[in-house]
Structures are given as structure tokens and as C-alpha cells.
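Me: I've just opened this one and could use a quick tour. Can we go through it bit by bit?

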Amino acid sequence: MSMTITEALAEIKVIDSRITKKHEFVGQHLCRQDGLRDPLEKQGGSVTITQREMQSIHDLYERKIMIRHMIQEANANTSLTISGTTRSISDWLVWRRDVAPNIRQHLTDMSNAIQRSRTEATKRGFNVVAGTQSGTGSPNDLLVNIDEQQLAKEIESLEELLGKLDGQLSLKNATTEVMLDS
């Protein structure tokens, strides 16, 4: 059976919901007093039904593993080029989850530190100048050792890249097929 990654991800959500309901059902029928009538007697009895539901839960977990595996395989074998960089979808997902937040935080921290220093220097009556102008002004001048325009461009480029990535991932999820065993 073939389906898109988007459909496969939706099936995983359905599986999770079914597992939750089955866990609740099994939990409700774990024990009963011997003298009470078995509420599942007509369906084969609580022992049989509970065992069947436990097997069903196991089967659903196995299906979920298989779907995730097929998605990972498709992501590893499908490439995306965004802003001149080509990576597999798997690598882009790792970059988005593990790398981009650190880059974003570092760039934001640098921008904020410059702003705080600029504000403090202005309060004290110091000039703020580019680090390349060292030695040309007052010894009290605040030197900014990175290009602030370039920093702003890097922040903007990162946000643009993340936006493009999200759009391309959505498109690929909607169009990339995975082969699942029924």
C-alpha cells in the first residue's frame, strides 16, 4: 500500500488515539470480583477479550514503528535544496531541530548584547563606532567588533531559510510516497 508522508503521519495520530482507547479498555477490564457477572461474557469473556486487545495494542505499536521507519527511509533518500544548500530531508530535520535554534539564539544574543552595550554607552556619553575604526576616536568609544548590518542580514536570512524549509517540507510530505505493508 502506498501513501504520502502526510497521510502516514496522520495514520500515526490515529494509531496513537486507538492505542490510548485500547489501554483504557484493558484498564477497565483488568480485574473483577469472581462473583460478579463477566461484562464481556457474550464477546468471549474478559480474559479472551483482554488478551485480544493486548495483542491489538502490540500490533498497532509494530505498525507505528514500520510507518516511522518508512518515513525515515523516504526522508533519507529525498533531497531538498534551499538557499543553495542541498541536504537530505533527514539532515534538514536534524538541522532544524538541533542546529537552527542554536544559531538563532547565538545571533539574537549577539544583537541584544550590542544593543545593551549601545544603550549603556549612550547613557555615559560615549560614541559607538565600528571596531575597524579603533584608535580614531576617544579612548572611551565603544567599539563594535562585528558588522551590525551583516548580523541583521544573517538573522533575516536564517528566518527566511526556516520559512522556506517549512514550506518545502510540507510540500514534500504531501507528495513523497512511502510503501507500507498493509
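Me: Which residue takes a positive phi in the hairpin of β2 and β3?
Reply: That's Ser83, with a phi near 50°, in a hairpin that has two residues between the strands. Strands here are DSSP runs of E, at least two residues, and helices are runs of H or I, at least four, all numbered from the N terminus. This is a predicted model, where local features need pLDDT of at least 70, side-chain atom pairs count only at pLDDT 80 or more, and totals for chains, interfaces and linings use all residues. Residues are numbered from 1 along each chain as its sequence is written, and side-chain values use heavy atoms, with hydrogens and water left out.

Me: How many bridges do β2 and β3 pair over?
Reply: Four, in the antiparallel sense, with β3 covering residues 85-88. Two strands pair if DSSP finds at least two bridges between them. Thr81 has Thr86 in β3 as its bridge partner.

Me: OK, what about Thr78, buried or exposed?
Reply: Thr78 is buried, at a relative accessible area of 15%. The cut-offs are under 20% for buried, over 50% for exposed and partly exposed in between, using a 1.4 Å probe and protein chains only. Thr78 sits in the loop between α2 and β2 (79-82).

Me: What does Thr78 touch?
Reply: Leaving out residues up to four places away in sequence, Thr78 touches Arg87, Ser88, Ile89, Lys172 and Thr176. Contact means heavy atoms within 4.5 Å. The Thr78 side chain also reaches the backbone oxygen of Ala74 at 2.7 Å.

Me: Switching topic: how much space lies in the largest pocket?
Reply: About 240 Å³. A pocket is an open set of points on a 1 Å grid over the protein atoms alone, where a 1.4 Å probe fits, with protein on both sides within 12 Å along at least five of seven lines; lining residues have an atom within 4 Å of a point. The volume is the space filled by probe spheres set on the points, which are joined across faces, edges and corners.

Conventions:
A polar contact is a pair of N or O atoms within 3.5 Å; within protein, one must be able to donate a hydrogen and the other to accept it, and residues adjacent in sequence count only if both atoms are side-chain atoms.
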